[in-house]
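Here's a quick briefing to read alongside the structure. Have a look at the sequence and the fold, then come back for the notes.

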Amino acid sequence: MGRRPAPQSTARVHTPLGAMRAGATNEGVCLLEFADGEAAPGEVRHDGQAARHLKALETQLTEYFAGARRDFDVPLALAGTDFQQRVWRQLQRVPFGETITYDDLARRAGSPGASRAAGQANGSNPVAIVVPCHRVIRASGEPGGYAGGRDRKRRLLELEAGSAQGSLFSLP
């Protein structure tokens, strides 16, 4: 199994859905997760490519939540198994405002019938929102689980559905 790269630079990013912990190496963003109730991480390094990746990430997240961005183009440094990598690449191909099922995800990743494994790979995604694991739903149409909480998943889906229709969902 691939080991998550140690961030060379970390930051706390504020979003309308709560604070997130972000990390980057010189190669790209390697971490973005909700940081409920956690103290702000210390900045490991204030300059260099890793810090520039985090600044770009923060800018792009702000644009996303404002309805001005549908795709992210920050470089990523994702470590995982071959299967996880395939799943995460497929997640990045799910268009803004659309959803797929776990079965669809497994099929797209080249492993039809492995929806449970695809769900586990989806759940181990280290870079929330940018690698849009929130766009995967159950075959029943129910949102399913989300590492950031089901309410956040629902709100991300509503934000994208509203933006895709031209009226941005109002976030607090």
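Serine 111 has 17% relative accessibility, so it counts as buried, the cut-off being under 20%. Bear in mind that this is a predicted model.

**Around serine 111**

- You'll find serine 111 in the loop between helix H3 (102-108) and helix H4 (115-123).
- Leaving out residues up to four places away in sequence, serine 111 touches Phe83, Arg86 and Ala106.

**The ring cluster**

- Tyr64, Phe65, Phe72 and Phe96 are linked into a cluster by ring pairs.
- A pair of aromatic rings is described by how far apart the centres are and by the angle of the planes.
- For tyrosine 64 and phenylalanine 72, the ring centres are 5.4 Å apart and the planes sit at 40°, so this pair is tilted.
- Tyrosine 64 and phenylalanine 72 are both buried.
- Tyrosine 64 also pairs with phenylalanine 96, this time edge-to-face, with 6.2 Å centre to centre and 80° between the planes.
- That pair ties together distant parts of the chain, 32 residues apart: tyrosine 64 belongs to helix H1 (residues 48-65), while phenylalanine 96 is in the loop between helix H2 (82-91) and strand E4 (100-101).

**A charge over a ring**

- Arginine 152 lies over the face of phenylalanine 34, 4.1 Å from the ring centre.

How values were computed
Residues are numbered from 1 along each chain as its sequence is written. This is a predicted model: local features need pLDDT of at least 70, side-chain atom pairs count only at pLDDT 80 or more; totals for chains, interfaces and linings use all residues. Side-chain values use heavy atoms; hydrogens and water are left out. Rings of Phe, Tyr and Trp (its six-membered ring) pair if their centres lie within 6.5 Å; planes under 30 degrees apart count as stacked, over 60 as edge-to-face and the rest as tilted. Buried means under 20% relative accessible area, exposed over 50%, partly exposed in between (1.4 Å probe, protein chains only). Helices (H or I, at least four residues) and strands (E, at least two) are DSSP runs, numbered from the N terminus. A charge sits over a ring if NZ of Lys or CZ of Arg is within 6 Å of the ring centre and within 35 degrees of the ring normal. Contact means heavy atoms within 4.5 Å.
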